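Biologist: Before we turn to details, please show me the model that we are to discuss.

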Amino acid sequence: MSPEHPLSASPAWQALAPLRSRALELLLARRFADDPDRARRYTATGAGLTLDFSKQAIDGPTLAGLLAMARERGVEALRDAMLAGQRVNPTEGRAVLHVALRAPLDAQIAVDGVAVMPDVLAVRERMLAFAEAVRRGDWRGHGGEPIRDVVNIGIGGSDLGPRMACEALAAGAGAGPCIHFVSNVDGHALASVLARLKPQTTLFVIASKTFTTLETMRNATSARAWLLAGGLPEGAVARHFVAVSTNAAAVSAFGIDTAHMFGFWDWVGGRFSMWSAVGLSIALAIGAEGFRALLDGAHQMDRHFAEAPLEANLPVLLALVGLWNRDFLGYPSLCIAPYAEPLARLPAYLQQLEMESNGKSVGLDGHPVPVPTCPVIWGEPGTNGQHAFFQLLHQGTDVVPVDFILPLRPSHGLPDHHRLLVANCIAQSKALMVGRSAEAVRAELSGAGLPAAEIERLVPHRTFAGNRPSSTILLPDLSPRALGALVALYEHKVFVQGALWGINSFDQWGVELGKQLAGGIADELAGGPAGAHDASTAALIAQARSALDAS
């Protein structure tokens, strides 16, 4: 770290650095023994959610130092600037106002003095009205049949958020079309979905702001060809395709009626866009009432983020714990473990939200950031993860902090299943913390009647140190409102960490080069002239072109 950098040179950072060794040395289990009030002291609530971070390597001086650093780094002022519609995305010259998408009717939000809520509400109501028409069967296909299947074609933020939400809320969706998602340009993805559908009863939602996204438009064009090959005329495209886009000319040229194009704004980043018309597939899945509840849950977290003091502010606390683990304790990844099968896509969604936002090595000042930024985000639902990678969490050489996410009430009628699920979640967080001592292993094996020599041989293999940190986030249930609050919690966590690191969480220039190179290579694979490449790339292109030409 450069001592001249404002972050690492700050008084709060300098005060925190000496606390690292104590955090690593003092066992978490001992902290609970020494402080009977620890669980209450390091638990906070907001927007219906509970965050228990008492199993993190945090104590009073550490938390005080982290909060002081948040104030030194201007987190509150930056938060207020974002919420006020200021251009906090300087590399693209944009405001960041996904909070406006879930704001109530009377909210006063403006960009450059222009109120945004009238347009937001107009698009929202038009989109929800369309979703309800499809769900009621009023919107029908070209031949008069109701829509039974909807295929959302998008990628990145136009896929991950809506897909995650639709899967998470499927149990309460009620009557409505089946929702399918296609994002990968790999033809297996589209072909496997289309094989199960009928053109006459299928609606495609093409989600691309520019209507030029390579993968999305390749899939959209193939879906259009499938529709026409199924016997529908050219004019049927307007009844079976709608667009979430801002490029009216391209949408119209595709054959979509622009009356069924739902737009959004340049202050809506892709990975923050599920609250906009990009969430049309969510509204088609759960209906207008459910979608409004999703927005309301997110808005309640927005209010909590804006109003709660930092000491009790869930996004701030989650961000500070994450920064402490990443920069002071040196933990390179974060495991997301939702104990809810419907949240199976949540880790993938959070991968984009966090790593595309804060996977940066250059600060807003144009200089390298002197500390590690975003950890690698990964995970899988419990209890599946327990029978896969939890072995590494307990006994691996790397310490991996875990976010356990647990809805307290299930969306099904199998209470015994949920009781066992909850027990596993709580047990795993405890096991990661306490581990298993050699003495406990000896006592267990001795009680099983093993001879002393065999016991001593097995003790090293069955002992693990514990002291592995985790946080637990409790949801009351897996309702639209609770899911909205959960997603907004992580959105604001990302913002806070970006503010602490002094990076722009709202651009993603690192993804552009690969897109640009792919276009040229695709032309070469189609028979175009060879470009200038290194030997490895040229050889790969030649081998791939040979295989494609022969197929």
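**Pockets, cavities and fold**

Biologist: By class, how many nonpolar, polar and charged residues are in the lining of the second largest pocket?
Modeller: This is a predicted model, in which local features need pLDDT of at least 70 and side-chain atom pairs count only at pLDDT 80 or more, while totals for chains, interfaces and linings use all residues. Residues are numbered from 1 along each chain as its sequence is written, and side-chain values use heavy atoms, without hydrogens or water. Ala, Val, Leu, Ile, Met, Phe, Trp, Tyr, Cys and Pro count as nonpolar, Asp, Glu, Lys and Arg as charged, and the others, Gly among them, as polar. On that basis, the lining of the second largest pocket has nine nonpolar, eight polar and two charged residues.

Biologist: What volume does the second largest pocket have, and which residues lie closest to its centre?
Modeller: On a 1 Å grid over the protein atoms alone, a pocket is an open set of points with protein on both sides within 12 Å along at least five of seven lines, whereas a cavity is a set where a 1.4 Å probe fits but cannot get out; lining residues have an atom within 4 Å of a point. Points are joined across faces, edges and corners, and the volume is the space filled by probe spheres set on them. The second largest pocket holds about 350 Å³ of space. Of the 19 residues in its lining, the closest to its centre are Ala-340, Glu-341, His-412, His-418 and Leu-421.

Biologist: Which helix gives the most to the lining of the second largest pocket, and which gives the most to that of the largest pocket?
Modeller: Helices (H or I, at least four residues) and strands (E, at least two) are DSSP runs, numbered from the N terminus. For the second largest pocket, the main contributor is helix H17 (residues 415-434), with five residues. Helix H10 (214-229), helix H15 (346-358) and H21 each supply at least two residues to the lining of the largest pocket. The most there, four residues, comes from H10.

Biologist: Which residues lie nearest the centre of the largest pocket?
Modeller: The largest pocket has a volume of about 1,000 Å³. By class, its lining has 14 nonpolar, 16 polar and ten charged residues. Of the 40 lining residues, those nearest the centre are Thr-213, Gly-270, Gln-508, Glu-512 and Lys-515.

Biologist: What is the distance between the end C-alpha atoms of helix H21?
Modeller: Helix H21 covers residues 512-525, and Gly-527, which follows, has a positive phi near 110°. The expected span of a helix is 1.5 Å times one less than its number of residues. With 14 residues, H21 should therefore span 20 Å, and this agrees with the distance between its end C-alpha atoms, 20 Å.

Biologist: Which element gives the most to the lining of the largest cavity?
Modeller: The structure holds three cavities of 30 Å³ or more, and the largest has a volume of about 140 Å³. Its lining of 16 residues includes Val-321, Gly-322, Asn-325, Leu-334 and Pro-401, which lie nearest its centre. Helix H14 (314-328), strand E10 (333-338), strand E12 (402-407) and helix H20 (480-501) each supply at least two lining residues. The most, five residues, come from H14.

Biologist: From which helix does the largest share of the lining of the second largest cavity come?
Modeller: About 70 Å³ of space lies in this cavity. By class, its lining has eight nonpolar, one polar and one charged residues, and Trp-265, Trp-275 and Phe-291 are among them. The largest share, four residues, comes from helix H7.

Biologist: Is Met-301 buried or exposed?
Modeller: Met-301 lies in helix H13 (residues 280-307). Leaving aside neighbours within four places in sequence, Met-301 is in contact (heavy atoms within 4.5 Å) with residues including Gly-46, Leu-314 and His-492. Gly-46 is 255 residues away in sequence, yet 6.9 Å away in space, C-alpha to C-alpha. Buried means under 20% relative accessible area, exposed over 50% and partly exposed in between (1.4 Å probe, protein chains only), so Met-301, at 0%, counts as buried.

Biologist: What is the radius of gyration of the chain?
Modeller: The chain has 22 helices and 13 strands. The globule rule, 2.2 Å times the number of residues to the power 0.38, is set against a radius taken over C-alpha atoms. The rule gives 24 Å for 551 residues, and the chain is as compact as a globular protein of that length because its radius of gyration is close to this, at 26 Å.
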